[in-house]
Amino acid sequence: MIAVYSRKLLGRVGRVSRIVLEGVPPTGRKLVYVGLAIVLVIVFMAIAAPIIAPHSPTAPSGRPLEPPSREHPFGTDRLGRDVFSRIVYGSRTVLWVVAVAVIISSSIGIPMGLISGYYGGVVDRVLSMIMDAVYAFPSLVLAIALAAALGPRPENAAVAIAVVYIPTYFRMVRGQVLQLRETPFLEAARVLGIPSTRIMRRHLLPHLLPTIMVVFSLSAADAVLTEAALSFLGLAVRPPTPDWGFDLYSAKGFARSAPLLIAIPGFMITVLALGLALIGEGLSERVRRTR
Amino acid sequence: MGLLRYIALRASLIIPSVLILYTIAFIVLRVLPGNPVLAVLGTKNIPEEQLQAIMEELGLNKPLYVQYFEYLWNVLQGDFGTSLIIRGRSISADLADRLPATVELAVAGMFVSLLLGITTGLVAGLKKDTKIDISLRVYGAITYTIFIPWFGLILQLLFALWLGLLPVSGRIDPGTALEEVTGFYLLDSLITRNKEAFIDALSHLVLPALTLGIVLSGPYTRLLRNNLVVALESNYVMAYRARGVRNYRITWHAFRNAIIPVVTYAGLQFALLLGGAVLTETTFDWPGIGTYLVEKIQYRDYPAIQAVVVVFAFAVGVVSLIVDIIYALIDPRVRY
């Protein structure tokens with residue numbers, strides 16, 4: 001059973017990655033692979049956290065603000081907790097929030113964009129106006145207001161980030177659908193009497209896939225920074241949950257005595273965002289070319 | 001006359017987008033938390049009459065649609081109501097206090113990012129496919145993903161704590177005397193001819209402006225470089241070269257064409273600039289709207305948070321209007 005399913009899943013992943021990578025020039029592919037490598041290392045770190053981390057991320061395992069040693073590779077924080085272990089476990093929080101946020105916003109934004117672009121009319125105009133207004137607004141400030149209203153929990157942060165990125169997916173999908181709507185193959189599909197939902201799913205969606213993957217990874221990169229910002233402002237997690245953004249904030253007053261406490265969490269945030277952005281950058285070289 | 005009509009028409013388009021954002025802010029901050037007063041007071045048990053009195057005073061016991069229109073009417077008159085925490089404190093006065101600091105930071109940040117972005121983009125475009133070009137493109141890609149508070153704290157550590165060249169945080173040294181005229185410290189110190197205060201305010205501004213400016217400069221680098229490469233390969237440049245026009249003049253012509261999309265982008269970037277300013281302000285304890293927002297969030301002062309959202313929405317609308325007008329003025333293809 002499991003073998004059949006996993007083969008099916010692998011087949012699907014293979015097919016999707018073939019469509020997405022097709023026509024991406026070698027320089028773009030290189031960027032994609034570097035980005036993927038970075039992201040996979042961090043994902044692995046999150047999965048294998050209990051094996052990698054030498055100490056508990058939440059319980060003190062030394063004196064406060066110890067310098068780096070064999071026991072504590074990055075030293076300890078103000079409460080005597082092992083910084084290395086907190087960084088390792090912190091990856092779980094970011095990845096979880098970002099994954100949930102990106103999945104929610106794409107699964108709302110993509111169908112809305114498809115329907116809005118395909119049918120047009122009044123609904124399309126009203127939706128576009130709302131989406132444009134939200135899109136133009138500082139996304140971070142909107143996420144802050146939402147997260148503040150919902151309260152500091154990871155799932156609320158994910159919802160806040162998701163709402164902010166819906167317009168990004170909506171606008172991209174809608175724009176592409178408007179272009180594709182006039183193409184002969186779609187007209188042929190309509191003439192053949194294929195139901196609209198099937199046209200959207202089987203004819204439009206595969207064409208959008210490469211662009212969707214670009215937006216997917218770029219918005220994920222952005223979402224990493226937004227999650228870190230929310231958590232830096234105390235809006236994503238409650239202590240003692242390990243989280244890079246919040247750990248950076250907690251270290252703010254100890255910059256002189258323990259510079260590593262600042263350097264490492266922020267570095268991890270930037271590297272994760274960079275990895276995701278590189279995937280998007282690489283994939284977009286194909287998109288740019290075909291236009 | 002044509003231009004004035006264009007401006008009026010374009011200005012009327014701001015109204016729906018600001019209204020949409022106002023509505024969203026209203027739903028998010030008035031409806032989602034349930035009863036804001038209880039949300040603020042938490043689990044504390046307070047007598048029912050006292051709760052009713054506070055609700056009455058803040059107008060929270062009226063139906064939601066009445067609150068919606070009443071608040072909108074007040075906002076249009078520049079009145080954002082009073083704080084939920086410090087009762088009777090006018091939010092408009094607070095915002096007016098904080099706004100100059102944010103504008104000062106945003107303008108300085110924008111200046112730095114345009115200066116850096118345009119220079120690097122110009123160099124990369126002219127030196128296409130050389131090592132300089134590649135390293136500048138990497139610069140453009142990496143700066144975009146830098147986490148602002150981290151970068152700010154690192155700069156602070158380097159230049160303020162270790163080297164001691166610049167002040168750590170704040171907007172001006174508490175010991176420095178400055179007579180406030182406009183609230184913009186740099187401007188005030190110039191008006192009052194206070195050299196000491198000018199240098200002090202400027203040195204406080206350097207690190208936050210650099211943080212914000214460097215992080216936001218990447219997209220300009222990329223945009224200008226790509227446009228310049230296209231422009232330098234175009235037919236009109238070839239025609240200039242055939243006629244023996246000097247190199248610097250050709251560059252100037254290509255640059256002028258390549259810079260137009262950068263202007264539009266600078267307007268779009270304004271939203272990012274405001275978001276970045278919130279983080280920069282928190283990092284450097286800069287007393288602007290951003291730190292105000294963060295303070296108010298800690299106390300769950302919903303009317304104040306809502307006011308910040310509405311002010312930002314309005315600011316974004318106005319800036320996009322200004323960009324459109326500049327665009328219409330510099331690009332002869334835009335008809336109005």
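Contact here means heavy atoms within 4.5 Å. This is a predicted model, in which local features need pLDDT of at least 70, side-chain atom pairs count only at pLDDT 80 or more, and totals for chains, interfaces and linings use all residues. Side-chain values use heavy atoms, without hydrogens and water.

**View 1. Helix 5 of chain A and its cover.** Helix 5 spans residues 121-136 of chain A. Helices are DSSP runs (H or I, at least four residues), numbered from the N terminus. Helix 5 has 16 residues and reaches 23 Å from first C-alpha to last. That is close to the expected 22 Å (1.5 Å times one less than the number of residues). Its buried residues are Asp124(A), Ser128(A), Met131(A), Ala133(A) and Val134(A). Buried means under 20% relative accessible area, exposed over 50%, partly exposed in between (1.4 Å probe, protein chains only). The cover includes helix 4 (83-119), helix 6 (139-150) and helix 7 (154-180) of chain A. Helix 2 (14-31) of chain B is also included.

**View 2. Thr270(A) and its chain B contacts.** Thr270(A) sits in helix 11 (residues 259-290) of chain A. Thr270(A) has a relative accessible area of 8%, so this residue counts as buried. Not counting residues up to four places away in sequence, Thr270(A) touches Thr145(B), Ile146(B), Phe147(B) and Trp150(B). The Thr270(A) side chain reaches the backbone nitrogen of Phe147(B) at 3.3 Å.

**View 3. Leu32(B) in the chain B loop.** Leu32(B) lies between helix 2 and helix 3 (36-41) of chain B. Leu32(B) is partly exposed because its relative accessibility is 43%.

Technical notes
Residues numbered from 1 in each chain as written. Chains lettered and ligands numbered in written order. Helix = DSSP H or I, 4+ residues; strand = E, 2+ residues; numbered from the N terminus. Polar contact = N/O pair within 3.5 Å; in protein donor to acceptor, adjacent residues only side chain to side chain.
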